[in-house]
Amino acid sequence: MTAVDRAVERGGRPKRTVKVVAVRSALTAWLGRPLADFHLLLAIFGLLTVLGLVMVLSASAPGEVADGASAYSVFQKQLLYVAVGAILFLVVLRVPLRTIRQSSMMAMLACVVMLGLVLTPLGTVAGGAQSWFTVGPVSFQPIEAAKLAMALWGAHVLVTKRALLDQYRHLLVPVVPVALLVFALVMLQPDLGGTITLGVVLISLMWFVGAPMRLFGVMAIGAAASAAVLAVGATYRLERVLTYLDPDKDPTGAGLQARQAMFALAEGGFFGKGLTNGSSKWRYLPNVHSDFIFAVIGEELGFIGCLLVLGLFALLAVVGLRIAARNTDPWIRLVSATLTVWLVAQAAINIGYVVRLLPVTGITLPMISSGGTSIVTTMVVFGILANCARHEPEAVSALRSLGPGRVGGVLKLPAPEAYKPPPKRRPVRPSPPPRSRKAAPPPVDERRMAGRHAPPSEYRRRDSRRATQDRSRRRDGR
């Protein structure tokens, strides 16, 4: 009996049932295609890029005009960084993943050196933190590259040692000591938001590699203790925590951003005021085009716009974890899952403090907030994820047998390489053969050998006595 017949028997509406079944079947068939994840990731990437450019232009123009600058000054910089990120996206998409993995160690070393140099007079102070390198009109933060390098290098180390990860010294060393060194260098800037996202990367690596749960308990206790010490150790951090607990205590000072962000979201309603019609960006809300751009989205595009952003990042989480699940290379699995959690967690933290669920930490909204280093690094991450999607076994088989397809043909992407398990390592020093010893003689079954050529034993004596007694009884009986 078909689904339509069952619906008719139950008194349902067969037309609607047919449509639902048809849509579900078509969606299931499309998601089962070899390059479905790759195409979905490209769609998410394109939509977030366009939405980010539009919202940066809408949020930054009034403030730039009020300062006497061009209304397009921030937008032009963002457009330039997006162009650079798009070029790097295509480059990373063409580079073999084996090459990216092999260069991860040098990338991690370079990032540690840059994090040390940014604390010297070579670094530039901006926003109360010495975390920038400035070369002419161009500035960048090494912490963004360090997050990506930590994910790639940490996955390389853990996958290389995966046969020994049941031992804590192999699980923790050298990933955790290097991560703690990076944490210390970032907190010396100081940059609490960068430290939090680095912690997300480290926890993701440990989670997806299968670390024991007791380790996460220890890490949670350490993170809570560190957060308490850091919050008390700096005045501005303590103000953020107190403002989060009571934003109405200082409405025109420390609580201004949180209050104005909630007002902007409330005024947006369900459909919003319309693009460029928001009032919060007229200097009512500080950092409106970077940290608090989600409030502008809520005010101008309403609940529908906020739902669109949340839906895109939720879809990114599903697609990224699906890429990790469908791959066979353990390094690709670990990298794609870690990068996905990093981007989605960063978006959740940004949206969380905009809607007053979390204290303000200064973390940008990926692909949407303005910021050169952030947008370029995020686009590189999307390039690596797209490259991982093309290395799924079914995608590799389809691309190598049927050709690059439409997208691959337009972008002139090379065919990905099939995964080859690493050969089993031979021991460096083979163990010496055991010394020649004479094998011990097998145990003699003396019951079986009794009466033949076995030496006298208790069994033979016992049997001999029994035989003698039997003969004597037979003679007496006669």
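How exposed is glutamate 417, in relative accessible area? I started my notes there, keeping in mind that this is a predicted model.

**Entry 1: glutamate 417.** I found glutamate 417 partly exposed, at 41% relative accessible area. I then looked for its partner and got arginine 98, joined to glutamate 417 by a salt bridge with the closest N and O atoms 2.5 Å apart. Glutamate 417 sits in the loop between helix H18 (405-411) and helix H19 (446-449), while arginine 98 belongs to helix H5 (residues 97-102), so this pair links parts 319 residues apart in sequence. Arginine 98 is partly exposed too, with 44% relative accessibility.

**Entry 2: other salt bridges.** I noted nine salt bridges in the structure. One of them pairs glutamate 144 with lysine 147, at 3.3 Å between the closest N and O atoms. These two are three residues apart in helix H7 (residues 142-160), so about one helical turn separates them. Both glutamate 144 and lysine 147 are buried. I also looked up glutamate 267 and lysine 273, whose side chains form a salt bridge at 2.8 Å, N to O. A network of salt bridges with shared partners joins Asp37, Arg322, Arg326, Glu392 and Glu394.

**Entry 3: around helix H6.** I checked how H6 packs with helix H9 (residues 175-187): the angle is about 30 degrees and the axes are 9 Å apart. That angle is under 35 degrees, so H6 and H9 count as roughly parallel. Their crossing is left-handed.

Entry 4: Leucine 122 lies in the loop between helix H6 (104-117) and strand S1 (124-126), and leucine 122 is exposed at 57% relative accessibility.

How values were computed. Residues are numbered from 1 along each chain as its sequence is written. This is a predicted model: local features need pLDDT of at least 70, side-chain atom pairs count only at pLDDT 80 or more; totals for chains, interfaces and linings use all residues. Side-chain values use heavy atoms; hydrogens and water are left out. Helices (H or I, at least four residues) and strands (E, at least two) are DSSP runs, numbered from the N terminus. Buried means under 20% relative accessible area, exposed over 50%, partly exposed in between (1.4 Å probe, protein chains only). Axes are lines fitted to C-alpha atoms, for helices over the stretch in contact, and angles run from 0 to 180 degrees between N-to-C directions. Angles under 35 degrees count as roughly parallel, over 145 as roughly antiparallel, 65 to 115 as roughly perpendicular and the rest as oblique. A crossing is left-handed if the near helix is turned anticlockwise from the far one by less than a right angle, and right-handed if clockwise. A salt bridge is a side-chain nitrogen of Lys or Arg within 4 Å of a carboxyl oxygen of Asp or Glu.
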